[in-house]
Amino acid sequence: MSAAKTARRARAAAARHRPPAVGFVSLGCPKALVDSERIITQLRAEGYTISGSYAEADLVVVNTCGFIDSAVAESLEAIGEALAENGKVIVTGCLGAKTEGGENLVRKLHPRVLAVTGPHATEEVMQHIHAHLPKPHDPFTDLVPPAGVKLTPRHYAYLKIAEGCNHRCTFCIIPALRGDLVSRPIGEVMREAENLVRQGVKEILVIAQDTSAYGVDLRYRTDFVGGRPVRSRFIDLVRELGRLGVWIRLHYVYPYPHVDEVLPLMAEGRVLPYLDVPLQHAHPEVLKRMRRPAAGERNLERIRVWRAACPELTIRSTFITGFPGETEEQFEYLLDFLRAAQLDRVGCFAYSPVQGAAANELSGALPEAVREERRARLMQVQEEISRARLRRKVGSRQRVLVDAVGPHGAVARSSADAPEIDGVVYVAADARLRVGEFFDVRITGSDAHDLHGVLVDAASAKGTT
Ligand code: SF4
């Protein structure tokens, strides 16, 4: 008998004496992570346990990503591994919505999977789980915390305020996978945020495909927050979140004119002075071919206005190099933009064709070597900018939130550092350091991406925000 069969039999025998266990593999972006959290929360609410190993799970859910080809390959590999190691697999997420020649791609390549759904499909996934692994009789609802089960550390959490997107950027297939923008009413969003704070979350990262478009689809409908009527509108939501007394960090904000309204809230310290603005390029022709939202905005001017309103502001952005038809001059224009804009944090991808994206039909595709070489040049320019901007912080005092503590000190983040994607602040070892707590740090050194510092003093060591 094969090892996998033996393991399956042992599982079946053990399963007769314990609640059903579901294994979970979560891939993809923070939006997919939130979908995973919802499914896991529902599973726990119904009395399932979550298993950390294929061998002990009665069934495995794989939440996939289908954004770029490397993510597709990683997801397909994860499905194959779950099938080989466990055998009972349900697939959800962006890749689950993909077709090839009119056939579902996952089913075509892995016909043994039990079921396939697209993204944002908690109920559908639960129905499939019920069909293949019936739910236990005695649901342990009291074991589920009010904010649901989180996959992030206890002290920060993502808050998804909307799903889908009304834009049609030519390099992106998210609208095809997730549909048009659907915002959650502000009352519902705030209830989730309040629960997170009650749970001990100290930093909320606000996400959506297009955060600043929040509420457009609802026509900014009025809803109730703590009994007060409030409109489901970007600025109102940021204002409400700013009352919670925790760090609020805004991601995926397009530079529409109404974004200017949040800068005073940042200057007043209500929300973090941090804007993640995915610009993708600077040259008008390239932006037009990308069909980017807010492409007509004068971004340099806008950045100047933002910094004047809030000098502490950290601006993060992402760019694509080697988009089809991008000339050397257009790329140089982008580098000049970076030198002028002096952005604090920058991520960059060499353009990579995504199956089903409209950009594949554009003329002027560039060789991979050119796309990659431009990416490396852009990162080199940005590294110098980042190094210089961080150097200016040496000697300053920064409030940080500690992510990890080890024998040599702590890894922490300031208002300028989003988890996973930005740099960090390394804090010298000190017995007072605790994970998930705020501390004040004197910055003693810097490099290309990170800062180094020491705790200021015992009196100021602890605080809230
Ligand atoms: S704004 Fe563009 S890149 Fe972002 S999700 Fe919408 S279509 Fe995709």
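Two strands are taken as paired if DSSP finds at least two bridges between them. Helices (H or I, at least four residues) and strands (E, at least two) are DSSP runs, numbered from the N terminus. The model is predicted: local features need pLDDT of at least 70, side-chain atom pairs count only at pLDDT 80 or more, and totals for chains, interfaces and linings use all residues. Residues are numbered from 1 along each chain as its sequence is written, and side-chain values use heavy atoms, with hydrogens and water left out.

**Stop 1: the barrel**

Select E18 to E22. These five strands close into a barrel in the order E18-E19-E20-E22-E21, with mixed pairing. Direction ignored, neighbouring strands of this sheet are turned by 50° against each other on average. Axes here are lines fitted to C-alpha atoms, for helices over the stretch in contact, and angles run from 0 to 180 degrees between N-to-C directions. Now pick E21 (residues 438-446) and E22 (residues 451-455), which run antiparallel and are joined by five bridges.

**Stop 2: the open sheet**

Move to the open sheet of five strands, whose order is E2-E1-E3-E4-E7 and whose pairing is parallel. E2 (49-51) and E7 (115-116) stand at the edges with a single partner strand each, so one side of each has no neighbour in the sheet. E1 (residues 21-26) pairs with E2 in the parallel sense over three bridges. Glycine 23 has serine 51 in E2 as its bridge partner.

Then show H5, which lies across E3, E4 and E7 and runs at about 160° to E3.

**Stop 3: H2 against H5**

Two packed helices are described by the angle between their axes and the distance between the axes. For H2 (residues 30-45) and H5 (residues 122-132), the angle is about 45° and the axes are 10 Å apart. That makes H2 oblique to H5; angles under 35 degrees count as roughly parallel, over 145 as roughly antiparallel, 65 to 115 as roughly perpendicular and the rest as oblique. The crossing is right-handed, meaning that the near helix is turned clockwise from the far one by less than a right angle. Show side chains for Arg38, Ile39, Gln42 and Leu43 in H2, which meet Thr122, Val125, Met126 and Ile129 in H5. This contact has five nonpolar, two polar and one charged residues. Ala, Val, Leu, Ile, Met, Phe, Trp, Tyr, Cys and Pro count as nonpolar, Asp, Glu, Lys and Arg as charged, and the others, Gly among them, as polar.

**Stop 4: the ligand**

Centre on the ligand. Around it are Cys165, His167, Cys169, Phe171, Cys172, Ile174, Pro175, Gln209, Tyr254 and Arg292, where a residue is near if one of its heavy atoms lies within 4 Å. The shell divides into seven nonpolar, two polar and one charged.

**Stop 5: H12 against H13**

Finish with H12 (residues 328-341) and H13 (residues 368-391), whose axes come within 10 Å and cross at roughly 15°. That makes H12 roughly parallel to H13. H12 passes H13 in a right-handed crossing. Among the contact residues are Glu328, Phe331 and Glu332 of H12 and Arg374, Arg377 and Leu378 of H13. By class, this contact has seven nonpolar, one polar and five charged residues.

Terms used. Contact means heavy atoms within 4.5 Å.
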